[in-house]
Amino acid sequence: MSTSTSPLSLQATPVPSPTQLQLTRKTLKMKKKSEASSSALVLVGLIFLGVLFALVVMAFFAYAPLLCASWIGIMYVIGLYLSTESSKWRWHDAQEFENRFWTGTAFLFSAAVLYVKDSPLAVGQWSSTLGLVLVFIFTMSVHFFDRFLHRQEISRRPKLKEASRQFSQNLFKYKATAEEKTLLVMECVSRIDRHYLPSTINNMINFAEVKRRELKIYRILAGAGKDELNYILNHIQLALLFYKVKDHSNVREDQSRTLILDLLCTTRLADLSVMSRAVLLDALMVMKISAHPMAQKWVRNIILKTQGDDLSNLKTYTDAKGDFHSMHKLVFNDVRDPIIRADILSHIQREASVQIAHSRLGTKRGRNRKQQAWRKVLSDVDDTLYSSGGRYPAGLDTRFPRHTLYPGVLPFYRELDMGTVGPDDWTDDRIGNLVFISARPHVYKDVSEKKSYAKFAALHEKMGMHTLPTLLAGNLTSGRAFMWQGDLEPMAQKKFENFGEFYQLYPEFKHVFVGDNGQGDVRAAELIVEKFGPDVLEAGFFHRVQPLEKMFNYHSKEDLVRWRKMNIFFFDTYVGAAVEAYGMKMIRLSGLKKICDDAGQSFEAIQTWLTSQSRERARLLLNRDLGTANAFLSKKFGPTSLVIKPQVFALNDIVRTPIGRGIVRKYRGIDGIYHVDLTDWPPSGSKKRAQAFLPDDSLVSCECLASSGLSKSSIKYVKFHRSPPARIFASHSLVKTLFGIGRVISYRTEDNIYAVSIPGDQTMLHITAFLNENSLQPVEDEYIQNYATSDQTSPRIFAGVRSGIGFITKKLITFVPSGSVTKPLFAETMVVDSPFGRGVVVHFRDKDRVNELRLFNSDIRTQSGELPSLTSAFVQERYLQLSPVSPPRRFLSMLRLGSSKSATVLPAGPVSTGSDANTPYGRAIVRSYREEDEVYVLELTDWAMTAKNPVVAHLRKDFVSLNVQAAPALAFASEMSVKKKGPASSGSHGFFQMFRYGFSTRASTQTIRNPYANEIGIKRYIDTVFGVANTSMSKPYHGCLKATLVNPNFSCTVAYVQAKETQEIVQAPTPRRRNTLELLVKKPLIYLISGSDENITSGSPILPETIFAKGSFVVTPFGEGVIRTHRRVDDMYIVDLSGVYGYFHVTSLRRPVRGVVGQPVDTIYGSGVLEDVREKDGVHVVVLRLGLTSAQAHAYLNPSSVIGAIKASRGDVVMTPFGSGIVMQYRPYDGCYLVSLDWNTEGHSHVSAYINNDKIVRTGSIKSGSSGCIVM
């Protein structure tokens, strides 16, 4: 808060607090974990899909083995065809071969589906004619569809700018003639081309006509003038012409395609302009270079006959068409002859050397070259051109929405391409030098690149990209290494290889690399500088999409210094990158201004932000860099406007701040700070209001007052006085809150805040709430009584009438004038029916008309057979209705006079221990009573904690009432009857009571009993999970029985077991076999074990013998354990399984054996040979060699002391890759043996070697002497 404005500096970075630093570290750790697990999740997903696909294939293979086998064969051939695109196989040489392949594959596929015996669509089995018709239809459909796709490809014209098609001025004299010749050529092509008839068949039927048209085309091209020829080549579909004109035979006169291509590529090549040569190379690539044996030589001739700057323009034109057919593809993929490729690259390198020499010598050609920057701009796509949105595996940047173009990226490309020489604006006669290097793999033809080129074309037409770029794609190997292993090195190596090949095509250019630090771009730039030097890679600009410490190939801060020396820079926005480029004199100051203006406008145009916080973070970064750029721009062009934060609160709006109410007076959009006049603060000495400068997240709109009148009136300010507290609650008083009933702990006078302790329930922990006085309400005695009992309901006799009246009343009270308080339909303490059952209304929330209910217990039991405990529910008012109760079955009971309104009464004195009582939290059993503070200690029977531990409550006597529900007519040993006359409530007059509240309820006679007391004359045997037991209860209480175990091992042990888990035994109990596993995992019970006898007395000859002694190790189906005791009554062993006791039959146990008798084993005392395993106690007898040929030691070890079997022990003779030797030592942590090799035969010391476990073979042992000691 301040009395004067102080603008915030955009350059100042706030110092984070220790808490923020700790949160930042936690966030980075979480991001590292998420990134490390992302590739693992993708791998798991791929494996799952692969397994699922394999299962589907196997299932279908079992259903139709012949059809599935034929399909697998066809799919294998298709995969082989697609993977051999760049090989020398003949089926890729021409489009005719590819069309025949797909046609034949379609024929085989349809024939297999329609004629294989086990196919579900085997139509040919019962009608061969119909099958042939269907096969023919499907095959021809695939044939014509492939021709249609290819026709679209060869019918297009290169996307070169019309303004770039420069012709001689003499052409205008003969333009009419050139246009007529162009029309004649296209007419001849249309006569040769038949849309629905293959060229091979057309040539067979109309050979004379086709031959005449082809000869006419040749004569027109041969007789056209220089300018006419260039005009024709730039206005016809040259690729379609080359494809439709065929070589009909080996005779020279019949080879029409050869004649036309030789004419254009050799005879009249000197008459062709650079643009026409680029069009000619494009038509050859579309036709396929491999379609003609002379095509590679014609390509070499075109390139070798072009020199100097014309050669550079030819290469750039070939790359600036915005399609798959680039100069890189032509030289390194289409040209398969290594000699021709070497000739082309040598010519390019030679001409580049001449161009560089002219520039250095300052000749006329060199001075002309200085009018251009001669710079290639290489860029990544994801997280560099547009944001990936953090979508794996494309990228990591989550600051901007997915597929959002980064602000300022396109003018940054343009200004780097233009450099600092030439005109300030981009003109149409210039050729762009933009190249994208992507990690997305090339698959087949332009399948993977087509989508990228379509995006580039849209950016060029609609978003202002200055040129159509080319694309250098990755491969499947690097992509697979990143997807499966998370290794970025192959991806960086692939980009480095692409740059190396690209540099061989453009050695006369300088290069700039723009990428991001999320994948391997920085590593690729580092490799480029290390191999080619800083003169080739002028600079590298990398978008910071993750912290530098998490970058690939980052080790320490020394790497940042080394990268800076390599001119490798990191930036957050493209304005920051432009500032770095301007500092290196790579762009002009006017270009920096254009980038800044475009970045601000582009940022404002983004409307798809995920959150306002992400927009604000990006805005602050952009404004920071704009502020740096304005320091350079202010002197000549003036500063660029910063991005303003959207204004949320209008001027003169009344808002609520953390320090009181206020009125918005000004808004500072640069940093989003509001100037607020505080109305709750007294004026200062100069009679000025206290002012505060707050961000929008500290303000809340105050709708209670309108600010429009205040802004138009002459009042300078309005004083808001804080209203005094409506009521003050004393300490320890009960209050109603939004979270339930609580008790006031303390009161703060400075802000009128109460600290309230609210007890928890099943769904909420005990909490302490700090509430305003408006959030508290007093609790009446009647409310406590109704809240504590669930029997106070409205009678059923008037339920329909009350529901109807209540509906009408609801409509009336909800239709109130503005400003009236919304009244609830159901008052507090009223019993209602909800979708979750009956409950009492404890609170009404008028904001959304939601009632808080405390649900009652019902007769409906849960799956475990227990009664549900009290639960709170929040239900909308329209889903509630009044809940009636059924009247007593005897009508005469209505005539009772002086009946009590309540079913429960408070006892005059303390209730006896074990009595059944009702509390606000459900039924309970009284455990004790404290007279000094009148507090009962109760065990809640409707509640249960982990492992069924009892829930104990300490309640005052006002909250405890005796339970007088009719109990079964059973005689208990510890039963007591207490009769007490409850006070009659006012207005309770027998029959007339029915017309007011309801009918008379139960009598006031109360029976206080212990629910688990022994019943006289009842003793029956039951089978429990602990064994045979007897109980004196005829019926379970709350689903449980009190039982005494008869097992002598657990004499006098009382267990509380669930009745549904027991089975009554009619006859006397006899020992029987139990289940294999008796783990208490299904229903944990509370039981007390006492008086166990370790020494079992064999009182009956049928008791089984103890096989596994106490303390011995055994193996169970759940792991190894230690025997604690043996229950001979039912032959059950109690086993300690690492803190969990399991009950197992003898058939489920066995002795643990570590190793094979007679073979080497490793122990905690060293390696030896397992001699024996004692049957009675499982002790392992291991022979340990103290010396190689001397004494031995017999160790009697517990199985836990034996580590396991090994290949050889100390003293064994083994064979190694270096010869035979004797084992001296075994290292268990790495599985290596120290072996003394038999290399020296003269009796000197041996040569020792460390041999891996899989490199040795045991051949025997050295003869040993007598035992030296015994280890127990």
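Start by selecting Gly1178: this residue takes a positive phi near 75° in the hairpin of E41 and E42, where 6 residues lie between the strands. As you look around, keep in mind that this is a predicted model.

**Stop 1**

Now widen your selection to strand E41, residues 1166-1173, together with E42; the two pair in the antiparallel sense over 5 bridges.

**Stop 1**

Pick Val1183 and you will find His1194 of E43 standing opposite.

Is E42 mostly covered or mostly open? Select residues 1180-1185 to see: the strand is mostly covered, with 6 of its 6 residues buried. Show the side chains and go through them face by face. On one side sit His1180, Val1182 and Leu1184, and on the other Val1181, Val1183 and Arg1185; all of them are buried, so both faces are covered.

**Stop 1: an open sheet of four strands**

Next, move to the open sheet built from 4 strands, in the order E36-E37-E38-E39, with antiparallel pairing. Color its edges: strand E36 (1113-1116) and strand E39 (1140-1145) each pair on one side only.

Then zoom in on strand E37, residues 1119-1127, and strand E38, residues 1132-1137. They pair in the antiparallel sense over 5 bridges. Within this pairing, select Val1122 and look across to its bridge partner in E38, Asp1136.

**Stop 2: a pair of helices**

Show side chains where the helices meet. From H23, pick Tyr574, Val575, Ala578, Val579 and Tyr582; they meet Leu589, Leu592, Ile595, Cys596 and Ala599 in H24. Which classes of residue make up this contact? Color by class and you will see 10 nonpolar residues, with no polar and no charged ones.

Technical notes:
Residues are numbered from 1 along each chain as its sequence is written. This is a predicted model: local features need pLDDT of at least 70, side-chain atom pairs count only at pLDDT 80 or more; totals for chains, interfaces and linings use all residues. Side-chain values use heavy atoms; hydrogens and water are left out. Two strands pair if DSSP finds at least two bridges between them. Contact means heavy atoms within 4.5 Å. Ala, Val, Leu, Ile, Met, Phe, Trp, Tyr, Cys and Pro count as nonpolar, Asp, Glu, Lys and Arg as charged, and the others, Gly among them, as polar. Buried means under 20% relative accessible area, exposed over 50%, partly exposed in between (1.4 Å probe, protein chains only).
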